[in-house]
Amino acid sequence: MDELRNALIYNPTKNPERTNATVERIFEVLENVLGADASQHIDNLNNLLQIKDLRSPINEQTADRIIAYFDKSGLTREQIDDITFQLQLSEISTAEAIELHSQFKIPVSRPEEDIIPVLGKGCWIMDTKGKWYLDMDSNYSATNLGMANEQIARGLYNQASTLISMKEDRIQITRSRFLKEIHTMMPEGLNQFYWQNSGGEAVDKALKIAKAFTGTTNVIAFKRGFHGRTHGAVAVTWNEKYRKPFGLHQLDWVHFAEFNNLKSVEDLLKQTGAKIIILEMVQGEEAGNLPATPEFIDGLWALAKKHNALIIDDEVQAGFGRTAVKSGDWFACMSYNVTPDIMVIGKSFGGGYPVTAVVTKKEIAQAMQYGYDGSTFGGNPMAMVAALIATRQMRAKNITQNVVERSRQMMEGFQQLKARHAVMGEIRGRGLMVAFDLGSPQNVEKVQAALRENGVKASLSTGSFIRFLPPTIISEGEVKYFLEKLDRSLSVL
């Protein structure tokens, strides 16, 4: 029962991140493992412990009494092991976790209470109820290599045990290791890095660099484009509901063109004299995974050249193989055979660990001077370790080829499902950034709920479009499983 005791009473040396278990969580785990048979054990423990506050962390004496009870309870070894395992993953109950977030989290986003993940394994996550789900969101494309990663965990442990942080302007060995290896993945000429901590922050810095280089402030962004939540990133995000609360909806330096419409772009270039263009090559959050047409991208690059404008390519979500259409397409721009002036990268850059960057050409980078910007945590040793290991794994696993093959499998599967389910409309996407129309947001919610019941986590949507961003390591068998569960879930409509 030693492992059970360690799950009940945390070891500050082995698990300093934990606290002692609560009785409420113990009862929840009993229900997870034993189902209807849990009620008798819960009644017995209530009578034994006489604890009024079920959410207070238990003490060692209480833990000893619980262990003694389980030892004589008649539960099998397998049941005890399962109880121990779930308590090791979380000592706090689902209900308490939800309530704590409700009480103390600033409401910048709607809390997702349906699944509370505690364990990841490849493309799968397990929640506080002990149920496994195939993950089709990959945390907005941040966990492309899976929801847990032993190599990254080992690297971060080693680095945290050696040197946990260092400011951006200090020369670092961890960063040097990264810089020796990354260039084979980058578009030609993009070799100047400025590291950040979030996608929005990196977009802000990309705009500053572009303005410093061009000596201008006017920016052309795109309708239904999304670039993040920080001040500058929100300013160039189309949806007014994100901009208006902060007075960013009437800025005189931001101009929105129609996506996939060259005339709209050229008209704004002529009207505003703008020298900066920012876009997502696959519009995700606000457009429902809508790819640019090849003709639009070719024409946009020609217009930028004609008007001496600079292009910022926001690849935060689309990058690192997510949108590959052929092997070696590490970024969407590669799949369109163009190179931007500035590129913003992030999400899966660190395999789930927060690290982003602005990447540009040397002549553009030279517009920045000492003191123009700075970062305490940008490119810190922990972030660079994660980025090094993650990008190594991407290359070793031939991620772009897997994306090409699984994308083909998924798109073919969607077409077959569309033939059986009349509710399915337009199918769109690029690589493993895919979506299809279900006619209404209400239909999307119903299908997502049905998928959840069928063991698939899929929480992304844009209006009537249901969106999928599976981990880029997803296997042929897992795509087949997903399509089977999707077929069953679509039947609810």
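Is D64 buried, exposed or partly exposed? With a relative accessible area of 40%, D64 is partly exposed, where buried means under 20% relative accessible area, exposed means over 50% and partly exposed lies in between (1.4 Å probe, protein chains only).

Before selecting anything else, please keep in mind that this is a predicted model, in which local features need pLDDT of at least 70, side-chain atom pairs count only at pLDDT 80 or more, and totals for chains, interfaces and linings use all residues. Residues are numbered from 1 along each chain as its sequence is written, and side-chain values use heavy atoms, with hydrogens and water left out.

**The whole chain**

Start with the protein chain in cartoon view, where 20 helices and 17 strands can be found; helices (H or I, at least four residues) and strands (E, at least two) are DSSP runs, numbered from the N terminus. The C-alpha atoms fill a box of roughly 80 × 60 × 45 Å along the principal axes. The radius of gyration of the protein chain is 25 Å, which agrees with the value near 23 Å that a compact globule of 493 residues would have; the radius is taken over C-alpha atoms, and the globule rule is 2.2 Å times the number of residues to the power 0.38.

Switching to a surface view, one sees an accessible surface of about 22700 Å², of which 49% belongs to carbon and sulfur atoms (Shrake-Rupley method with a 1.4 Å probe). Buried residues make up 54% of the 493 residues. Among contacts (heavy atoms within 4.5 Å) between residues at least 6 apart in sequence, 73% join residues at least 24 apart.

**First stop: R5 and D64**

Select R5 and D64, whose side chains meet in a salt bridge at 2.3 Å, N to O; the term stands for a side-chain nitrogen of Lys or Arg within 4 Å of a carboxyl oxygen of Asp or Glu. This pair links distant parts of the chain, since R5 belongs to helix α1 (residues 2–8) and D64 to helix α4 (residues 60–71), 59 residues apart.

**Second stop: R55 and E24**

Next select R55 and E24, which form a salt bridge with their closest N and O atoms 2.8 Å apart. R55 lies in the loop between α3 (38–49) and α4, while E24 lies in helix α2 (residues 23–34), so the pair ties together parts that are 31 residues apart in sequence. R55 is partly exposed, with a relative accessible area of 24%.

Move on to E285 and R229, where the salt bridge spans 4.0 Å, N to O. E285 sits in the loop between β8 (282–283) and β9 (290–291), and R229 in the loop between β5 (219–222) and α11 (231–235), 56 residues apart. E285 is buried, with a relative accessible area of 19%, whereas R229 is exposed, with 55%.

**Last stop: K208**

Finally, select K208 in helix α10 (residues 199–214), a residue that counts as partly exposed at 39% relative accessibility. Which residues does K208 touch, not counting residues up to four places away in sequence? Showing its surroundings brings up M368, Y372 and D373. K208 and D373 are 165 residues apart in sequence, yet their C-alpha atoms are 8.8 Å apart in space.
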